Amino acid sequence: MVKFSKELEAQLIPEWKDAFVNYWQLKKNVKKIKLSKKPKHVSNTNYDFGRSIFDPFRALARKLAGSSGDVEGREILQVKSRVSKGDDGEEEELDVEVYETELDQLFSEEHEVRVFFEMLDEELNKVNHFYKSKEIEFLERGEILNKQLQILLDLKRLIADRRRKNFGGQTGSGGSGFLSRSGSSFGRNSDLSGSEREFCDSPNESQTDEVVAALEKNGVNFVNSAVRGKTKKGKPKMAMRIDIPATTPTKTIAAVTSMLWEDIANNPKKGGGGEYINAKKIQCAEKMIRGAFVELYRGLGLLKTYSSLNMVAFTKILKKFDKVANQQASASYLKVVKRSHFISSDKVVRLMDEVESLFTQHFANSDRKKAMKFLRPQQQKDSHMVTFFVGLFTGTFVTLFSVYAILAHLSGMYSAATEASYLETVYPLFSMFALLSLHLFMYGCNLLMWKKTRINYNFIFEFQPSTALKYRDAFLICTTLMTAVVGAMVVHLLLLSAGFSPHQVDFIPGVLLLSFVLLLICPLNIFYRPTRYCFLRVIRNIVCSPFYKVLLVDFFMADQLTSQIPLLRHMESATCYFLAGSFKTHRYETCKSGKLYRELAYVISFAPYYWRAMQCARRWFDESNIDHLANLGKYVSAMVAAGARLTYAREPSQAWMMVVLVTSVVATVYQLYWDFVKDWGLLNAKSKNPWLRDDLLLKKRSIYYASIALNCVLRVAWVEGVMKFNTGMFESHLIAFLLASLEVIRRGHWNYYRLENEHLNNVGKYRAVKAVPLPFSGMDSDG
C-alpha cells in the first residue's frame, strides 16, 4: 500500500506545492509527540514506561465524557475574520476566517502538542487564504469571459443580419435562432462569403443601434464614441478595435496596417467614417475566447483537486495524532475544517458547470461529448509495447554496430588507401543521423528527469497532454533511427566489399535520407504525427523570425539548433553530393572546391545565431524588456566568433588566430554568464545555498557545482580548432564528431537546468494556468 505522503507528492499541483498543507512537517511534529511520551530515564522502579504522565488526567476526562458517549478532545476553536493584504500590497477584503486553537489544561503542559496545533492552524489558514484568492481570481476571469462571449455573439449577429440581407434568408433575427444555426465555427472555417470577409455593415439602422447598445452595456468603449454619428447613406459609424495578437507574419503585417487604417478611418479631422467589422478578426476572436474558456476550466479543475487533496491531508494527519496521543481530537477539528471556506464553498463547482454549459452550447454545437474532449483531454496511456521495442531496437543497434566495426576492420575501409573517398562520401550523412539520434536520446533523458523532479514541462512548452511526447517515445524514435542508419551502413559496406562500384551503392544513404524526409512530412496519422507537425511548425516559426510571436518552445528549439551547426554543415555536404551528381562520378572534391559551397558555409554557421537573435529582438518589441537586447548581443558575439573560426580554418595565420582568441573568449564568457545567471538562475551570492539559488529541485548541491564546472569545460571545446593537432583524416573526422557530440551533450545537460529555473519561476508566482489574451479591450472589468 502506497503511503499517503508519496501519493500526495505524486498528485499535488507542482506550481502550487508551497500552498498545500505541509503534511511532511506535520508528520515530523506528530513523531515528536510520540517520542516525548517515551521515558527519558531508566531505573529499577517498576514504572509503566509506555504511558505519559498525563494519561491519568486523560482517563479521568474520558470517564467524565463517557456518560454522553462523546470521547472527543476538548480543543476550543475561536474563529474570527480579518482584512488581509493582496500580493500588490493593497488591502483586499478576502473574508477568510482565521482559526486559532486553544488547548485545555489536559494538553497545556505538553509543548509538542501545542506546537502541532499551532502549525495545524497556520496550515489551515494558509489553505483557506490561497483557495479564496484563487477563487476570486477565477470568478473574475469568468465574469470577463462571459462579457467577451456576449460581445462576440452580438458581433456575429451583425454578420448574420448582413448575410440574411444579401442572400434573402428567412430566419428571424433572434439570437437563439442564430446560435442554433451557426453559433459555432468549432473545428471548421466560417462559411461567410468573400465580400463579408472584408467587412459587414448593419443592414438595418434600428437593428444596429440595438446591437451597439448591447455592446456598450457589456462594457465596450467605442473609439470616437463621442462623435459617432451617421454617414451620408444613413448608416451609423462604428469604431471598435479587436485586439488580435500578432502571432504570425500575416497578423503582424495586418496589425501594422490596421493601426494605420484605423487612425485614418476613426479620425474625424481626416474625414474618417466608420469602422469595418472584419469577419476574419471575429473568427480569431472566437478562437481566443474558446481557448480562454478551456484554460479557465482547467484552472477550476486544479482548484477543485487542491481542495480535495488538502482535505484528505488534514484527515490523515489528525488520525495520526489521535493514534499517537491516544485521543480522538480529530472529530472536533475536522468539523471546523469541513466548515472552512476551501471545503464549504461551492462557487468553483457551480462555475465549472456554467463553463461546461456555455462551451457546449456555443463552441461545440451542443455536443457535450465533443466539448469534453477539449475541456477534459484524455491523458495518453503508457504502453508496454513501447518499452519492449525500445529494448529490441537497442539490442539490434548494438549488434549491427558491432558487425559494422568488424566488417570495416576486415575490409580495410579506414586504411590510408581508401579512407579519403569513403569518409568524404559516407561520413557526413551518417554522422548527421548519429548527431540527431544523440540529441533525441538527450531529450529523452531530459523528459525522464523532468518527470522525476515534477517539472511540468507540458505546461511550460504549452504541449497538449494527450499528444505530448514522453521519454519512452523519445527513446523509441532514437533507437529506431539509429537501427535503420547502422543497418544501412552495414548493407552499404557489404556491397562495397562484394565488388560493387561506389556510384552503384552510394544511392543507399540518399534513399535513407529521402525516406526520413518523407516520413517527417507524411500526412498519415502514423509514427507520432502530432509531434512531427509540431516540430515542423516550430522550425517554420524559427526560420521566419521575427515575424512569428516567440513562445518558449520556439526559442528553446532555436537554442538546440545553435548546438547542431555541425549537423547543418553535414546536411549541406550531403545535399551538394547528391544534387551535384557527385555520387555518380565519385568526385567528392566537386562541392568543396566550389565558391558557392564555401560561402554557404558562413550562412549555415550564422543562421542559428541569427534566428535566435531575431527572436530576442521580437521579444524585446513585444515585452519591452531590456534583457532581451542583452541576450541578442550574446548571439551576435557568437556569430562573430563562429565567422572568425571559420575564416581561420581556411586561412591560418597569426593575425586570424589572435582574432579567433579574442572573439571566442569574449563570446564564451558572455555565454557562461548568461547560462549560469539568466538561464539557470544560479551564482546568487545572497542565496541560502552558496552561489546557487534558494530553491533547488535536486537534493544534492554538489550536483549543481559539478554541472557548473562541466558546462565551463564543454563551452571551451573550440580550443581544439585553434590548436590544430596533426592527425590523419580518420582521426580528424573522429575528433570533429566527438566535439560535436560533446556540444550536443552539453546542450542536453543545459536543457534540464533551463527548464528547472523556468518551473521555479512559475512556482514562485503560483502560475499553473496559461493567461490567454482576450480580443475585446476597453471593458470596464478589465479596467
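Which residue has its charged end over the ring of Trp674? I looked this up to open the notebook, and the residue is Lys678, whose charged end is 5.8 Å from the ring centre. Everything below comes from a predicted model.

**Entry: the chain as a whole**

The chain has 783 residues, and 44% of them count as buried. I found 31 helices and 4 strands in its secondary structure. For contacts with a separation of 6 or more, I noted that 74% are between residues 24 or more positions apart. The accessible surface is about 41100 Å², and carbon and sulfur atoms account for 60% of that.

**Entry: aromatic pairs**

Next I turned to the rings. A pair of aromatic rings is described by the distance of the centres and the angle of the planes. My search of the whole structure gave 32 aromatic pairs. One of them joins Phe461 and Phe463, with 5.2 Å centre to centre and 35 degrees between the planes, and it is tilted. I checked the cover on both partners. Phe461 counts as buried because its relative accessibility is 4%, under the 20% cut-off. Phe463 is at 22%, so it counts as partly exposed.

I then looked at Trp680 and Tyr753. Their ring centres are 4.8 Å apart and their planes are at 40 degrees, so this pair is tilted. Where do the two residues sit in the chain? Trp680 is in the loop between helix H28 (654–679) and helix H29 (701–715), while Tyr753 belongs to helix H31 (residues 729–764). The two are 73 residues apart, and the pair links distant parts of the chain. Trp680 has a relative accessible area of 0% and is buried. Tyr753 is buried too, at 4%.

I wanted to know which helices build the nonpolar surface patch. Its members are Leu514, Val517, Leu518, Ile521, Phe535 and Leu536, and the patch covers about 510 Å². Helix H20 (507–521) and helix H21 (529–543) each supply at least two of its residues. H20 gives the largest share, with 4 residues. I placed Leu518 in helix H20.

Is Gly444 buried or exposed? Gly444 is buried, because its relative accessible area is 0%, below the 20% limit. I located Gly444 in helix H16 (residues 419–452). Leaving aside neighbours within four places in sequence, Gly444 is in contact with Tyr471, Ala474 and Phe475. I also checked Arg472, which is 28 residues from Gly444 along the chain; their C-alpha atoms are separated by 7.1 Å.

Ser340 was next on my list. Ser340 sits in the loop between helix H11 (330–339) and helix H12 (341–344). Its relative accessibility is 0%, so Ser340 counts as buried. Which residues does Ser340 contact, leaving aside its neighbours within four places in sequence? I found Tyr99, Leu124 and Asn128.

**Entry: backbone details**

Last, I went through the backbone. Ser545 and Pro546 are joined by a cis peptide bond, with omega about 10 degrees. Pro546 is in the loop between H21 and helix H22 (552–562).

I also noted two residues other than glycine with a positive phi. Ser366 has phi near 60 degrees and lies in the loop between helix H13 (347–363) and helix H14 (368–375). With a relative accessible area of 56%, Ser366 is exposed, since the cut-off for that class is over 50%. Leu683 has a phi of about 60 degrees, and its place is the loop between H28 and H29. I looked up its cover as well: at 34% relative accessibility, Leu683 counts as partly exposed. The loop between H28 and H29 had already come up in my notes with Trp680.

Notes. Residues are numbered from 1 along each chain as its sequence is written. This is a predicted model: local features need pLDDT of at least 70, side-chain atom pairs count only at pLDDT 80 or more; totals for chains, interfaces and linings use all residues. Side-chain values use heavy atoms; hydrogens and water are left out. Rings of Phe, Tyr and Trp (its six-membered ring) pair if their centres lie within 6.5 Å; planes under 30 degrees apart count as stacked, over 60 as edge-to-face and the rest as tilted. Buried means under 20% relative accessible area, exposed over 50%, partly exposed in between (1.4 Å probe, protein chains only). A charge sits over a ring if NZ of Lys or CZ of Arg is within 6 Å of the ring centre and within 35 degrees of the ring normal. Patches are made of residues with over 30% relative accessible area and no salt bridge: like charges are joined within 9 Å, nonpolar side chains (Val, Leu, Ile, Met, Phe, Trp, Tyr) within 5 Å. Accessible areas come from the Shrake-Rupley method with a 1.4 Å probe; for residues, only the protein chains shown count as cover. A salt bridge is a side-chain nitrogen of Lys or Arg within 4 Å of a carboxyl oxygen of Asp or Glu. Contact means heavy atoms within 4.5 Å.
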